[in-house]
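Please keep the structure in view while reading.

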2 protein chains.
Amino acid sequence: MNKLEDISLIVADWGTSNLRIWGMDHQGNIVHTANSDKGMSSLEPSEFEPYLISQIKNWLPREENARCHVVICGMAGAKSGWKEAAYLKAPCPPINEEKIIQVETEDQRISVSIIPGIMQKSPPDVMRGEETQIAGYLSKNPDFDGIICLPGTHTKWVHISAGEIVSFKTFMTGEIFLSLSEHSILKSSVQSDGLDLTSFLEAFEDTYSNPALLSSKLFGLRAADLLENTSSKLLKSKLSGYLIGSELAGAKSYWLGQNIVMIGNDDLCILYQKALKKLGLNATIENTQNVTLYGLQQACRGRYSQ
Amino acid sequence: MNKLEDISLIVADWGTSNLRIWGMDHQGNIVHTANSDKGMSSLEPSEFEPYLISQIKNWLPREENARCHVVICGMAGAKSGWKEAAYLKAPCPPINEEKIIQVETEDQRISVSIIPGIMQKSPPDVMRGEETQIAGYLSKNPDFDGIICLPGTHTKWVHISAGEIVSFKTFMTGEIFLSLSEHSILKSSVQSDGLDLTSFLEAFEDTYSNPALLSSKLFGLRAADLLENTSSKLLKSKLSGYLIGSELAGAKSYWLGQNIVMIGNDDLCILYQKALKKLGLNATIENTQNVTLYGLQQACRGRYSQ
């Protein structure tokens, strides 16, 4: 067990619906972690500081006047978050240390900074949090040239060249999946924990080759439930396949002939990887926690001597 | 004011979330109407009869032993409705009088029957309620050969020939619109009562020509809100345009070179009509209440002497 005195830096990924915090020692080892569902969407700006303190109070140094750096990425920097960290404009490196903002706190035991997200003017697009994961990946692979795909609620396809985010495109695929699973006529048809890869890939190929049929294929899931008693496991797999098939057709200009690295939830990355394999592409899956931590640490490097 | 004794027939369209009832005299004139949001989804099977009686009790004849016919179309005939009316299989005429089911009631003042929906084996598809509107339209246009489009929560494209439903295709367009407007990150961006036709048509053309970009265009609405402060009226119009553009691309095999008749909510029909006009097609909009009533009356014709 590490001593409390060991803490050197606290980093956090504060998203829309989740908060993950890591306490690190002088060697960069994780000595504390905290996870919570108190994301940006459930907090008022004034609630961020007290909530953060409630999570980390036992980690903080006890010496008087000691101040612990806390570096945060994600939606905490949104307009309706803790404090707005104005977007950087792509093309740009994923993190610009000079643009990291400082947040004033009442509690003098912490010194908080937030990493800005990235915007793209045309077509309009935004990210917050993913830039830090990308920075983390690039910190270990500085010569990478290709595509980073970050599957999730809002899946992002990001073109990287010469250490910069050149352009990116976001698809609402994950959020459409959730909305329809929880708030549509499909709700009772797709409640299942499992996944059938064959059904997923069949459905993927259907909408990949004919993306205009997406909303018709989606209603077909309900009809298949009523008429053929298809299991909810197969129907859920098809729902996922139809949505990802349509996305991969739309993201073709990003992945065609490219090296692809995936960052995100492992199960979801594996689905994308299997689908990309069908298109003749090899995608490498990175460890998301690792690249997030590398990115958060990289943001501190020039800033705080460790 | 008509006398209570005048009632001859009660007809109803009992959908998933709405109930509309009409009381008619011997000449087929509407003498009573009732509307309610007590659709199939908010009632247990045993609650249909008492709820119907509560709506029509003042319309019923007062003579002893008098029995009033009640003919119903829609989701009341679904498996989880009042009583299941097994689907007819397309190709078939929209209504087969011999397949209309009788529902036993405790209240002997009414004699209730339910019109079955239509199913299609491959690709699997279903309708309940629309078949009655189609029958109503065909009762006045018996030689119609072409496409009937019924925009709504689940928009249907129906190929009619020789008085039969040959095939049909349902798109979840309306339900995706509702799910995303009410349960996604777009919620705060698209709350508006108005509609901007220019934005609608621009967005329509975007996804009509490239339907694979649908889920990316949808996220772009959120980005446009954040970066460009686009008004919610324009964003809502674009949301509608993107979804209908993708649908019309998917429904091309239905509308290409065809006569198109539209049945449904007027505002929505007008949007589809404007979009179809962009594709060089003229679509005629029918009065939905009229065709529904014609269909319900047609179902009774051979059955009850009026």
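## Cis peptide bonds

In this predicted model, Pro91(A) sits in the loop that runs between strand 5 (88-89) and strand 6 (101-103) of chain A. The peptide bond that joins Ala90(A) and Pro91(A) is cis, with omega at about 0°.

In chain B, Pro91(B) is found in the loop between strand 5 (88-89) and strand 6 (101-103) of that chain, and Ala90(B) and Pro91(B) are likewise joined by a cis peptide bond, for which omega is about 0°.

## Positive phi values

Asn229(A) is exposed, because its relative accessible area of 66% lies over the 50% cut-off.

Ala162(B), which is not a glycine, has a positive phi of about 50°, and this residue belongs to the loop between strand 11 (155-161) and strand 12 (164-171) of chain B. With a relative accessible area of 72%, Ala162(B) is exposed.

## Helix 9 of chain B

Helix 9 of chain B covers residues 288-301, and the distance from the first C-alpha to the last of its 14 residues is 20 Å, close to the 20 Å expected at 1.5 Å a residue.

Which residues of helix 9 of chain B are buried? They are Thr288(B), Val291(B), Thr292(B), Leu293(B), Gly295(B), Leu296(B), Gln297(B), Ala299(B) and Cys300(B). The cover over these buried residues includes strand 1 (7-14), strand 2 (19-25), strand 3 (30-36), strand 4 (68-74) and helix 2 (130-140), which belong to chain B.

## Chain A as a whole

Chain A contains nine helices and 14 strands, and its C-alpha atoms fill a box of roughly 70 × 40 × 35 Å along the principal axes.

Of the 306 residues of chain A, 56% count as buried. Among the contacts in chain A with a separation of 6 or more, 65% are between residues 24 or more positions apart. The accessible surface of chain A is about 13,200 Å², and carbon and sulfur atoms account for 44% of this surface. As for charge, chain A has 28 positive and 35 negative charges, whose mean positions are 3 Å apart.

Terms used. Residues numbered from 1 in each chain as written. Chains lettered and ligands numbered in written order. Predicted model: local features only at pLDDT ≥ 70, side-chain atom pairs only at ≥ 80, totals over all residues. Heavy atoms only, no water. Helix = DSSP H or I, 4+ residues; strand = E, 2+ residues; numbered from the N terminus. Buried < 20%, exposed > 50% of the residue type's maximum accessible area, 1.4 Å probe, protein only. Contact = heavy atoms within 4.5 Å. Areas by Shrake-Rupley, 256 points an atom, 1.4 Å probe, with all protein chains shown as cover. Lys, Arg positive; Asp, Glu negative; His and termini not counted. Charge placed at Lys NZ, Arg CZ, Asp CG, Glu CD. Expected span 1.5 Å × (residues − 1).
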